[in-house]
Amino acid sequence: MTRTLVFPALFFGALALLPLMTDDSYVRHIAIIALLYAVVVSGWNITLGFGGVFNFAHLALFAIAAYATGILTKTYDWPSWTGIPVGIGASVIAALVVCLPVLRLRGIYVILVTFGFGQLCFQFVLNQRELTGGNFGFVRIPPLKLFDYSFRSDGGIGYYYVALLLLLITVVLIHRFVHSPFGWRVMALRENEPYAVARGIALARVRLSTFAFSAIFPGAAGAVYAQYVRSASPDMFGFSFLTIALSMLLLGGVGTIWGPIVGALVFSVFSELMTPLGPGRYLVTAVVIVAILRFFPKGLSGIPEAWQTWRKRAHAGRDVAPQP
Amino acid sequence: MDFADGALSAFRAVFASGLVLSSLYVMIAAGLALVWSTLGIFNFAHGAIMVIGAYVAWTVSIDLGLGQVAGLVAALAASALIGVAVNRLLVQPFLAQPNIILITVMTTLSGAFFLENSALLIWGPRIKQLEKIVDGNVFLAGTAISGHEAVIIVVAPLMMLALWAFLRFSWTGKAIRAVAQNREFAELSGIRPERMYAIAFAISAALAGFAGVMLGAIRFITPTLGADPLIKAMIVVILGGLGSIPGTILGAYLVGFGEAVSTYFLGAYWTQAMMFFVFILILVIRPNGLMGRE
Amino acid sequence: MPEPILNVDDLVTGYGRQPVLHGLSLSVLEGEALGLIGPNGHGKTTLFRTVSGLNRAWSGQIRFMGEDITGLSAAQIAERGLVHVPQGNRLFPQMSVEDCLDLGAFSPAKRDNGAATRDRVFAIFPRLAERRKQRCRTLSGGERQMVAIGCGLMGQPKLLILDEPTLGLSPRLKGELRDAIGAIIETGVQVLIVEQDPEFLRRLTTRQVYIEEGRVREDFDAGSLEHDKMMEMYFGLR
């Protein structure tokens, strides 16, 4: 076993053993949600972190997957195992649709159009009350069942392992992505778009593939989420959900494989610890986001590096030129 | 009722409601556009500032019973102050960074989150409403609208005129435009950019606060009251070509009347979806907005 | 020896972590017009930007009329009468020439004299009077440079620092601008000019300084900047 595999092995090993340490249903619930968040945010990191494209419709993809899974498995009686494929399919299709206008746009317009797309979906969900449940959300989604085993039994332990497996697959896929020619193209476009295009990178194709790839993760997570909490609500298109996911991403560090995962898990724990504060915890969240952007623009993943430069500087004395 | 009568009554209803909506959007969007053209950032906390304005007016005028004028003044002062704070805490520290637009989207989004939840903590979840500025109804093109709405219709263009004159003729207004067009040269001319940014933000936020007070009397005040108008104002600003006052005014009346027409014929639910669809479509066809230049 | 109007002492600054000025010292004496010359990328513009407060000094001191101005903001320094006309300026592109000039006298103390100063600017650059209502972005390069210098004059400077005022201009325009700057000097405004053309500097300034690698390399007395010496220093023909 190479050194680089030690940390991932320890990480997933510890998480796999977690249910043995506690079977408290509350802890399990938080853990499942946190793992799903980690998957969603890792997917967002592909467009936002590695691709440098601000896709503010990413959380809408999660919501779309949840609704698609719910509607097809409940209203149309599709077997529950189709949930994840359905979620991924819906999410990828939606991502491709949202990517089309993005191909022609830059900067703030990308944010506004992708955000507008989320709002469009939100209005559609409110509109189609018979189909989506409208304002009240889509409820009583059938739980996941495989070979007569309902994942609701045994305190939801099945969902925990499904979520953990999703996260493992996420890490493997993103790791391969980062070290693949496709990943290099995506990052080249982020670093210097005109130059990358001049060197023969097909902007439209790469961007569409990036969106489609990143949509797999909210798709799968949205499906599992819908089957786990057994509902999908229009709030999933809102500002608050977006802000929370964004803070996880920023907290962990944009453009790294482990950053968003650590960010999602740390933030979830942190957020639970703050529950007694009531709505006050959202105030703390907002302050934390701004503070991270201000003082740790690289998030938690920037801390080791910052520590090293600090130590280097302390060693070198005061001959390092100050920043203007 | 024959066809001509039907068309006439449709026109009347659409005209009056379109005018009210447009006037509200103009006030909200103008502030957004002012900050965009001065600092090149999009303030996602704009809607939340508007809400705080409405709440402060409620506390002062109704809860404390100090009257509407005091309420309005307090709302303007509070929102301007919050605007200055947003600028100081969420915008200025990041101004030197290359991806300033994207960073400030995140910081102002957090600011909005902060303000909305503060409003929830301070004023609670129960809905509130302000009193109308004037009682009674006014007939406009054969349709009755409330006197309050008539005030909105009249005041909005006047405010735009005042804003335009301020930016065009006053020393401070010119200096704000100067900083927007060439910050370094403005500094070398003796203009302090930080001060101009603060003033622009204060004016922008005060406009939002004013809109909040106007809106708070015809809709119910909740912590998330600002979200929908903010999104509409963004559409307005984009259509107007980002930042120019005349473009913003035109955009506001387009969106306001478009919404009124569509609501009349398609209903409220489809209208919202329709607007986003049209908005996305327009950006795909004209990536710099309807009136935008490269 | 009279107190220098501007005194730069052991100035170190740069961009990021890269120093550009390595301890530069320089004075502008009362009554003199000083010219700076030297190859591109060796710190002349950086020196001006630091003196006028656009860049921050890492160490060293800048004194203007006896006052320590190191670390003051650009606006504060402009208010004190040290006015920097930057290189290749695009001005305020959407504003009229008139508004642009007026803003040059932005600080309240200078506004009162604004109209009178503007008339003086129009007397020096009659072409600007013709174009007073025109937007700055529609001006030619030469006209823009005139507006930039005009804005500087509107700030009622005691010391006007000009960064390559003739950059990219035709020889005819260059001559015109040189005469205008000469006229400005005659009205008693002291100048500090960066130029690439030694001939230009020799006609306008009383003393020239050669800057290389972020330091003052050579100090010439009045009018002694010779062509041969210049060639030698620029091209290393020794």
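Predicted model: local features only at pLDDT ≥ 70, side-chain atom pairs only at ≥ 80, totals over all residues.
Gln156(C) sits in a loop of chain C, between helix H7 (141–154) and strand E7 (159–163). The phi of Gln156(C) is positive, about 45°, although the residue is not a glycine. Is Gln156(C) buried or exposed? Within 10 Å there are 21 other C-beta atoms. The cut-off for burial is 20 or more, so Gln156(C) counts as buried.

Turn now to chain B. Its secondary structure comprises 11 helices and two strands. Read from the N terminus, the order is α-α-α-α-β-β-α-α-α-α-α-α-α. The radius of gyration of chain B is 19 Å, and the globule rule gives 19 Å for 294 residues, so the chain is as compact as a globular protein of that length. The C-alpha trace of chain B spans about 70 × 50 × 35 Å along its principal axes. Buried residues make up 56% of the 294 in chain B. Take the contacts in chain B between residues at least 6 apart in sequence: 73% of them join residues at least 24 apart.

The largest nonpolar core holds 277 residues. Those with the most contacts inside this core are Ala163(A), Val224(A), Ala29(B), Ala54(B) and Val147(C). Which helix gives the most to the core? Helix H1 of chain B, residues 3–39, does, with 18 residues. Ala29(B) shows what such a position touches. Setting aside neighbours within four places in sequence, Ala29(B) contacts Ala233(B), Val236(B), Val237(B), Thr248(B), Gly251(B) and Ala252(B).

Last, look at where chains A and B meet. Chain A brings 33 residues to the contact, and chain B brings 35. On the chain A side, helix H5 (107–127), helix H11 (239–252) and helix H13 (280–295) each supply at least two residues. H5(A) gives the most to this side, with 14 residues. What is the side of chain A that touches chain B made of? Its residues divide into 22 nonpolar, nine polar and two charged.

Methods
Residues numbered from 1 in each chain as written. Chains lettered and ligands numbered in written order. Helix = DSSP H or I, 4+ residues; strand = E, 2+ residues; numbered from the N terminus. Rg over C-alpha atoms; globule rule 2.2 N^0.38 Å. Buried ≥ 20, exposed ≤ 12 C-beta atoms within 10 Å, placed from the backbone. Contact = placed C-beta atoms within 7 Å. Core = buried A, V, L, I, M, F, W, Y, C linked by C-beta atoms within 7 Å. Nonpolar A, V, L, I, M, F, W, Y, C, P; charged D, E, K, R; others polar.
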